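Please look over the sequence and the model first.

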Amino acid sequence: MKADERRKQIINTLMAERQPVSGSALSEKLHASRQIIVQDIAVLRASGFEILSTHQGYIIKSSPLRERVFKVRHTSEQTPDELSLIVTLGGTVVDVFVWHKVYGKIEAQLNIFSQHSIDKFMEGIKSGKSTELMHITDGYHYHTVRAESNEVLDRIEAALRERDYIVPEI
């Protein structure tokens, strides 16, 4: 895994966990030495991420990244295109969620930030073990997308609109 991908995964992990994550756990998850993780944390701090070191592990206090939720609808065949569009423009697909009329909000963490992570996700779907959440709500679903700036999020939104993936506001 390249350094920039590893650092994105560290940020995604820390932001998703919302509790301390040990350096050893990060090291094991990312198949990198503990020293590499320490160096990555230093680089991330220098880039503006406020990452605290506690006796229980690392926790992210603040991030310069921005997030936006998009309500989208498309077919299963269009899923790789939707994800690639977001990632190519500089976004991370943090999660997917749907609003079920009985169960309420059903959510899954995705943390898709590279073509490799798209491929892994699609392999899981294509294996037949499960289907995408959007199938329980007639294709309607939401993604939280994270990016380095609102300008990047604006470009992602425009591209999703251009492909008619964004659900128009009523």
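**Salt bridges and a helix pair**

A network of salt bridges links R68, D154, E157 and R161. A salt bridge here is a side-chain nitrogen of Lys or Arg within 4 Å of a carboxyl oxygen of Asp or Glu. By this rule the count comes to 10 salt bridges. The model is predicted: local features need pLDDT of at least 70, side-chain atom pairs count only at pLDDT 80 or more, and totals for chains, interfaces and linings use all residues. Residues are numbered from 1 along each chain as its sequence is written, and side-chain values use heavy atoms, with hydrogens and water left out.

**R6 and D40**

- The side chains of R6 and D40 form a salt bridge, at 2.4 Å from N to O.
- R6 lies in helix α1 (residues 3-17) and D40 in helix α3 (residues 34-46), so the pair ties together parts that are 34 residues apart in sequence.
- Helices (H or I, at least four residues) and strands (E, at least two) are DSSP runs, numbered from the N terminus.
- Both R6 and D40 are buried.
- Buried means under 20% relative accessible area, exposed means over 50%, and partly exposed is in between (1.4 Å probe, protein chains only).

**K61 and E50**

- K61 pairs with E50 in a salt bridge, with the closest N and O atoms 3.8 Å apart.
- K61 sits in strand β2 (residues 57-62) and E50 in strand β1 (residues 50-54), so the bridge ties together parts that are 11 residues apart in sequence.
- K61 counts as exposed, at 58% relative accessibility.
- E50 counts as partly exposed, at 34%.

**D81 and R163**

- D81 and R163 meet through their side chains in a salt bridge of 3.3 Å, N to O.
- This pair links distant parts of the chain, 82 residues apart: D81 is in helix α4, and R163 is in the segment after α6 (150-162).
- D81 is partly exposed, with a relative accessible area of 27%.
- R163 is also partly exposed, at 41% relative accessibility.

**Helices α4 and α5**

- The axes of α4 (residues 79-88) and α5 (residues 115-126) come within 10 Å and cross at roughly 160 degrees.
- Axes are lines fitted to C-alpha atoms, for helices over the stretch in contact, and angles run from 0 to 180 degrees between N-to-C directions.
- The two helices, α4 and α5, are therefore roughly antiparallel to each other (an angle over 145 degrees).
- On the α4 side, the contact (heavy atoms within 4.5 Å) is made by T79, P80, L83, S84 and V87.
- On the α5 side, Q115, I118, F121 and M122 take part.

Note on methods. Angles under 35 degrees count as roughly parallel, over 145 as roughly antiparallel, 65 to 115 as roughly perpendicular and the rest as oblique.
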